[in-house]
Amino acid sequence: MSDMTPKPNLSPSVEAKGGLGTAPVPSTEHGDHLLHDDHDHEHHDQHWLWKYVFSQDHKQIAKQFLITGMFWAILGGTLSSLFRLQLGWPESSLQWLTPFLGHWIQAGKLNPEFYLALVTMHGTIMVFFVLTAGLSGTFSNFLIPLQLGARDMASGFMNMLSYWFFFLSSVVMFSSLFIETGPAAAGWTIYPPLSALPQAIPGSGTGMTMWLMSMALFIVSQLLGGVNYVTTVINLRTRGMSMSKMPLTIWAFFLTAILGILSFPVLFSAALLLIFDRSFGTSFFLSDIYIAGQALSNQGGSPVLFQHLFWFLGHPEVYIVIMPAMGMVSEILSTNARKPIFGYRAMIGSLIGISLLSFVVWAHHMFVTGMNPFLGSVFMFLTLIIAVPSGVKVFNWLATLWRGNIRFTAAMLFSIGFVSLFISGGLTGIILGNATLDIQMHNTYFVVAHFHLVMGSSAFFGLFAGVYHWFPKMFGRMMDEKLGYIHFWLTFIGVYLVFMPMHYVGIAGFPRRYYAWTGFDSFSQFADMNKFISIAAILAFLAQFIFVFNFFYSIFRGRRASQNPWRSTTLEWTTPIEPGHGNWPGEIPAVYRWPYDYSKPGSDVDFIPQHIPYSQTQSSNLPYEQELAD
Amino acid sequence: MTALTILLVLVLLLVVFGLLFRLQILTSIFSGTFTRDIGMSNSVNAILMIVFLVVGGAWFAYSFVENFNKMNPAIASVHGHQMERMFWTTMAVIGVAFVITQVLLFGYSYKYQHKEGRRAYFFAHNNKIEVIWTIIPAIVMASLIFAGWKAWTRITGPAPKDSVVVEVMGKQFNWLVRYPGRDMKLGVINYRMIDAVNEWGFDLSDKSALDDFTTNEIHVPKGVPVLIKIRSRDVLHAVYMPNFRVQMYAVPGMPTRFWFTPTLSTDEMRAKLGNPKFNYELACNQLCGGSHFAMKATVIVDEPDDYQNWYASQQSFSAKNPDVLAAFQQKAKTLAQPVAAEPEAKETAPAPLAAASY
């Protein structure tokens with residue numbers, strides 16, 4: 001696309017100083033803002049209910065998703081602290097938790113069935129409510145219109161519905177925590193027959209019914225959101241914003257939304273069939289079962305069928321979680337390294353490659369479930385192939401840092417942390433994707449360590465990076481940087497202390513979802529290690545309250561932001577500091593260039609925003625750009 | 001004690017970070033005068049990047065070596081040794097990738113930290129480099145896939161004809177074990193015939209079921225291929241024997257199987273590990289309910305001769321439970337025709353693992 005040789009004779013002193021927040025090159029389009037103010041009028045006298053609660057404004061909805069997501073993240077983290085207490089100190093009394101957990105503590109011991117409910121809810125909450133709704137919901141909503149130059153989403157109403165379906169789903173899931181028989185406890189993958197039979201575990205009674213209802217509502221929310229994101233990206237790009245000029249964030253959100261639209265309905269069908277099996281006597285997933293002194297009449301169903309349906313969503317789901325983080329990290333790395341993202345097209349290509357492959361790898365979760373081993377070979381092949389586009393992304397991020405001029409903002413730290421965690425967690429996927437090795441590793445803590453690093457922690461790091469980076473755009477104020485640094489370092493160290501040793505436990509064969517390992521001689525050698533992991537996990541969780549404090553404090557008392565605090569090139573920074581409904585008070589800026597013109601040779605500032613035409617940057621244009629300018 | 005140490009270390013870390021960033025936190029947010037500068041804290045973060053790489057890397061290397069001996073369950077099967085080699089080869093490959101990428105990541109972060117007056121190098125793309133780092137991982141992956149695929153087809157392929165057969169059935173929350181008896185044929189079972197005594201649901205109108213015997217422990221001979229047939233009668237379970245590198249789900253309504261050849265008898269393994277109480281264990285490794293974590297069986301690997309003696313000394317289920325047998329004979333008399341066995345419970349039922357054998 002461009003000439004690679006740099007112009008070495010750039011004088012560094014020409015870099016603009018003190019130009020924070022203003023577009024570096026005067027733009028005539030900004031002069032006539034006031035003439036086009038009409039769009040803003042209708043919103044002045046909105047009732048607070050419509051403005052803050054049932055808002056149709058994408059920015060408000062994004063904040064709603066974010067704050068709900070934060071609530072869920074704190075809850076999900078609390079649950080994990082509870083079961084880490086059990087795993088770290090299986091012999092000690094948990095009597096002191098009785099005021100909170102009531103009858104789930106019996107004689108000072110955590111009830112094993114409630115332990116399973118804790119793991120199940122932790123997984124469900126983190127995967128769906130935090131890292132899908134909280135991450136995608138927040139940033140797709142917030143950034144798609146702002147970075148594309150759109151007034152709002154294609155359908156503000158559907159967007160509002162998307163949030164409120166999510167809210168409803170949250171209410172149902174949250175209430176299930178308080179019912180007599182406890183919430184769903186069959187693991188977040190809810191494999192039947194365990195999830196289908198209340199005789200098998202109490203959590204499969206009302207708790208599972210509520211889980212399924214909540215998930216159905218959640219899927220509706222995801223589809224409403226997803227259709228909206230895709231439509232907006234396709235139709236509402238501003239003048240000049242061709243697909244090949246979109247920031248990588250948008251590419252990531254776009255492909256994520258497509259993945260969601262294509263895969264969530266399959267989970268919906270699985271949930272529906274499971275509801276049928278549970279309530280209407282069908283046998284989709286049940287066959288030849290004798291339980292609680294009774295032979296059931298169900299015949300001919302297959303539990304493996306459910307696994308196929310579940311993982312057909314479940315695997316794209318991990319990319320739904322990680323791809324928005326990848327997009328945001330690409331953007332933040334480039335901005336703060338003051339360098340174009342390396343291999344923009346390769347980054348898009350690898351995102352597309354990952355998206356396509358993510359649909360044909362699901363059965364690597366099922367190598368030893370009794371599936372035909374021939375399928376195992378096919379899925380091993382396809383799974384390991386996905387390492388190639390993932391590798392390309394990592395190398396491109398590294399190349400973006402190379403010879404950059406790096407500013408360590410809190411967002412940048414979390415982005416670097418993301419890359420590190422993605423590497424650490426991604427590489428062990430090469431072991432788990434190998435069917436032969438998965439025979440031993442399947443369902444052990446090795447798997448737990450792997451996915452907590454590669455999709456759990458790194459997606460969280462993407463989320464944090466996004467919040468730190470776009471907070472000024474959301475609330476017009478800055479989050480405190482130093483608290484951000486401390487939050488980052490504690491979390492980063494904490495995450496590694498938790499999950500690196502967990503690999504050892506996994507290689508030793510320790511099975512996941514075990515309430516205690518004390519019954520087995522094979523698994524008892526890591527008692528101290530489990531204690532260590534528990535302490536690190538609880539402390540890392542507590543460190544998150546630094547972020548929570550910083551977030552809410554800064555909303556009200558943070559330093560006021562300037563218009564473009566990170567000196568970034570993308571369109572969201574051309575809006576007013578706190579954009580109203582409609583985003584731009586005047587005309588929407590047109591786009592002339594790709595989003596990564598950082599430190600371009602010949603330019604006297606180190607970034608050229610997308611809305612600056614080539615005709616105004618004669619000194620820095622590359623030959624083909626000059627042709628466009630003429 | 002460890003708890004206290006870790007707590008102390010983390011508190012210290014917090015203090016160190018606090019001091020490093022010079023406790024400007026409160027002053028800056030309260031006074032509102034703080035202006036974002038690229039200065040002191042930038043180089044502190046850059047140094048922390050390098051410190052993290054060095055200290056973190058050293059800690060990881062140390063703890064990995066320190067715990068290495070605890071990690072590997074002692075291997076006691078033929079394919080287990082192959083898997084082990086493949087595992088550590090793959091670990092070495094990803095270890096190299098891990099070290100290179102992490103060193104570059106933190107190294108670049110440190111080296112290219114913001115410097116006043118320097119300008120980032122405008123380097124947007126290079127197709128040659130992209131092709132190189134697409135193709136090299138692809139080649140590495142291809143070789144891993146090939147090795148994995150070959151081992152996988154061998155391990156999951158059909159069991160040798162002379163395999164010893166044992167069947168386990170998972171139920172909440174223990175494992176039932178049965179052997180085919182003298183006729184070497186597992187008899188018909190039917191889940192509708194299960195009750196408190198007849199836990200397997202033996203259909204004793206089937207002749208080959210008459211000599212089947214059940215045990216609490218799994219006995220297998222050393223050095224002989226063992227075919228484990230696997231069933232479940234309620235929810236999903238999984239047969240997981242870490243020492244043999246064996247894992248396969250137990251699926252209600254769908255029999256599965258796995259075969260392996262034990263290489264060390266229980267006594268030999270005890271001697272080898274210096275642990276006279278050692279036993280091979282079979283753990284349930286698919287969440288099956290409240291007592292999932294306690295669902296286990298003991299596996300005993302005998303010398304072939306001992307195994308033969310043990311096998312010959314077992315009494316069949318029907319001989320142990322004459323009243324169950326009598327009930328079946330009574331039923332057969334009253335009915336003109338013997339009870340037809342459920343077709344899917346028959347031994348000829350298609351087992352999915354058999355599909356690989358064509």
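I'll start with the contact between the two chains. It takes 112 residues from chain B and 124 residues from chain A. On the chain B side, the elements that give two or more residues are α1 (2-20), α2 (24-31), α3 (40-71), α4 (78-111), α5 (127-156), β6 (237-241), β7 (246-250) and β9 (280-284). The element that gives the most there is α5(B), with 15 residues. By residue class, that side of chain B splits into 63 nonpolar, 36 polar and 13 charged.

Please keep in mind that this is a predicted model. How confident is the predictor in chain A? The mean pLDDT of chain A is 90, and 93% of its residues reach 70 or more. One stretch needs a caution: over residues 1-42 of chain A, pLDDT stays under 50. The model does have 59 contacts beyond four places in sequence for those residues 1-42 of chain A. Where pLDDT is low, though, the predicted coordinates should not be read in detail.

Now chain B by itself. Chain B has 9 helices and 10 strands. Of its 358 residues, 40% count as buried. If we take the contacts in chain B between residues at least 6 apart in sequence, 71% join residues at least 24 apart.

Next, the division of the chain. Chain B is divided into domain 1, residues 16-114 + 128-156, and domain 2, residues 164-357. How many residues of each are in contact with the other? For domain 1 of chain B it is 11 residues, and they meet 16 residues of domain 2 of chain B. On the domain 1 side, the elements that give two or more residues are α4 and α5 of chain B. Here α4(B) gives the most, with 4 residues. The domain 1 side divides into 6 nonpolar, 5 polar and no charged residues.

UniProt has annotations for chain B, from an unreviewed entry. The entry lists residues 62-159 of chain B as "domain: Cytochrome oxidase subunit II transmembrane region profile". In the model, that span is 76% helix and 0% strand, with its end C-alpha atoms 42 Å apart. The unreviewed entry also lists residues 161-313 of chain B as "domain: Cytochrome oxidase subunit II copper A binding". Residues 161-313 of chain B come out at 12% helix and 36% strand, and the end C-alpha atoms are 24 Å apart.

As "transmembrane region", the unreviewed UniProt entry gives residues 6-25, 46-65, 85-110 and 131-152 of chain B. I'll take two of those. Residues 85-110 of chain B are 100% helix and 0% strand in the model, with end C-alpha atoms 37 Å apart. Residues 131-152 of chain B are also 100% helix and 0% strand, and there the end C-alpha atoms lie 31 Å apart.

Last, the nonpolar core. The largest one has 295 residues, and those with the most contacts inside it are A:Leu194, A:Phe414, A:Ala465 and B:Val239. Helix α4 of chain A, residues 112-148, gives the most to this core, with 22 residues.

Leaving out residues up to four places away in sequence, A:Ala465 touches A:Met328, A:Val329, A:Ile332, A:Ala411, A:Phe414, A:Ser415 and A:Phe418.

Conventions:
Residues are numbered from 1 along each chain as its sequence is written. Chains are lettered from A and ligands numbered from 1 in the order in which they are written. This is a predicted model: local features need pLDDT of at least 70, side-chain atom pairs count only at pLDDT 80 or more; totals for chains, interfaces and linings use all residues. Two residues are in contact if their C-beta atoms, placed from the backbone, lie within 7 Å. Ala, Val, Leu, Ile, Met, Phe, Trp, Tyr, Cys and Pro count as nonpolar, Asp, Glu, Lys and Arg as charged, and the others, Gly among them, as polar. UniProt positions are given in the numbering used here, feature names are shortened, and annotations may be inferred rather than shown by experiment. pLDDT is the predictor's confidence in each residue, from 0 to 100. A residue is buried if 20 or more other C-beta atoms lie within 10 Å of its own, exposed if 12 or fewer, and partly exposed in between; C-beta atoms are placed from the backbone. Domain bounds come from an automatic or database domain assignment. A nonpolar core is a set of buried Ala, Val, Leu, Ile, Met, Phe, Trp, Tyr and Cys residues joined through C-beta atoms within 7 Å.
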